[in-house]
Amino acid sequence: MGKAYIVGAGPGDPDLITLKALRCIQKADVILYDRLVNPEILKDAKRDCHLIYCGKRPNHHPIKQDTINHLLVKYSNQGKTVVRLKGGDPFVFGRGAEEVEALVANGIHVEVVPGITAGIAVPAYAGIPITHRELASSFAVVTGHKPKGKPTDINWKGLATAVDTLAIYMGISNLPYICEELITHGKNESTPVAIIQQGTTNHQRTVTGTLGSIVGVAEKEGIQNPAIIVVGEVVTFRDKISLLEPEGKAENYATMA
Ligand code: SAH
């Protein structure tokens, strides 16, 4: 009987992968990997490992979630060691839970290997601590993705008033909406905001502003996904220290964005 591993590959810098994830990659017969997985990590796979790209290619649709679940089950049932490799952590906006469910429903042994999630690591590489003894005692990870035509079930009021730092994923196309919601629900317009694009890679870019100004800044700078939006006083920490720019080893990564 095969075994499936739902594995986090970390946020981009290939050195930010766990030993356990690396061991999974080394022993896998099949790897289904996502767009945000640095391809450099795949060099450690066996020579005859079957690599399946699940992201969107130009003029192609990404493989549907149902198809991915089906492939995971199919290869596991063939007695293979199957690795589902995802950017960051598989359970943070990664649909890892659905894959675990599909595998378990089919009686397949599955193990989850957590990864370093972008919402914490990406700000860190930009000199922003997600918590700070004086500046932030709480943080929330939030999806900024808004399904077309549907209202979100995000509690913006709670996020605006009860949480110190927000790390917002998938929020670039909804940036005006996000800022508006936070301001409407009581967050001060002068609250510092940073946006970090392609964090932890050689292409990392950071722009900063406030809830009131960041939309203009991001537009002017042409900020694109993948990017993390950090809202909160911790953003000011960046100005107090001069961190060395990270030495990401991720030349290939740009093509994946
Ligand atoms: N499971 C992933 C998140 C997947 S959702 C994790 O735990 O990190 C995809 C979103 O993650 C992107 O739209 C972006 O908001 C964020 N993201 C992932 N990698 C990133 C990176 N290197 N730099 C900035 N944002 C990143």
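Where is threonine 201 found? In this predicted model, threonine 201 sits in the loop between β8 (192–197) and β9 (205–210). Threonine 201 counts as buried because its relative accessibility is 2%, where buried means under 20%. The side chain of threonine 201 reaches back to the backbone oxygen of glutamine 198, at 2.7 Å.

Glutamine 198 deserves a look of its own. Glutamine 198, too, is found in the loop between β8 and β9, and its relative accessible area of 7% makes it buried. Although glutamine 198 is not a glycine, its phi is positive, at about 45°.

Arginine 95 is placed in the loop between β4 (81–86) and α3 (96–105). Is arginine 95 buried, exposed or partly exposed? With 46% relative accessibility, arginine 95 counts as partly exposed.

Another backbone feature involves a proline. Most peptide bonds are trans. The bond from asparagine 225 to proline 226, however, is cis, with omega near -5°. Proline 226 belongs to the loop between α7 (214–221) and β10 (227–231).

Serine 76 lies in helix α2, which covers residues 65–77, and is buried, with a relative accessible area of 1%. A polar atom of the serine 76 side chain lies 2.6 Å from the backbone oxygen of leucine 72. Leaving aside residues up to four places away in sequence, serine 76 touches Met1, Gly2, Ala4, Val82, Leu103 and Ile108.

Stepping back to the whole chain, the domain assignment gives domain 1 (3–113) and domain 2 (118–256). The C-alpha centres of domain 1 and domain 2 are 27 Å apart, and the contact takes 15 residues from domain 1 and 20 residues from domain 2. The size of an interface is often given as the accessible area lost when the parts come together. Here, domain 1 and domain 2 bury about 1400 Å² between them, with 60% of it on carbon and sulfur atoms. On the domain 1 side, Pro11, Asp13 and Phe93 supply 38% of the area buried against domain 2, more than any other three residues. By class, the side of domain 1 that touches domain 2 has 9 nonpolar, 2 polar and 4 charged residues. Between domain 1 and domain 2 there are 0 salt bridges, while 2 residue pairs are in polar contact.

Conventions. Residues are numbered from 1 along each chain as its sequence is written. This is a predicted model: local features need pLDDT of at least 70, side-chain atom pairs count only at pLDDT 80 or more; totals for chains, interfaces and linings use all residues. Side-chain values use heavy atoms; hydrogens and water are left out. Domain bounds come from an automatic or database domain assignment. Contact means heavy atoms within 4.5 Å. Buried area is the accessible area (1.4 Å probe) that two parts lose on being put together, summed over both. A salt bridge is a side-chain nitrogen of Lys or Arg within 4 Å of a carboxyl oxygen of Asp or Glu. A polar contact is a pair of N or O atoms within 3.5 Å; within protein, one must be able to donate a hydrogen and the other to accept it, and residues adjacent in sequence count only if both atoms are side-chain atoms. Ala, Val, Leu, Ile, Met, Phe, Trp, Tyr, Cys and Pro count as nonpolar, Asp, Glu, Lys and Arg as charged, and the others, Gly among them, as polar. Helices (H or I, at least four residues) and strands (E, at least two) are DSSP runs, numbered from the N terminus. Buried means under 20% relative accessible area, exposed over 50%, partly exposed in between (1.4 Å probe, protein chains only).
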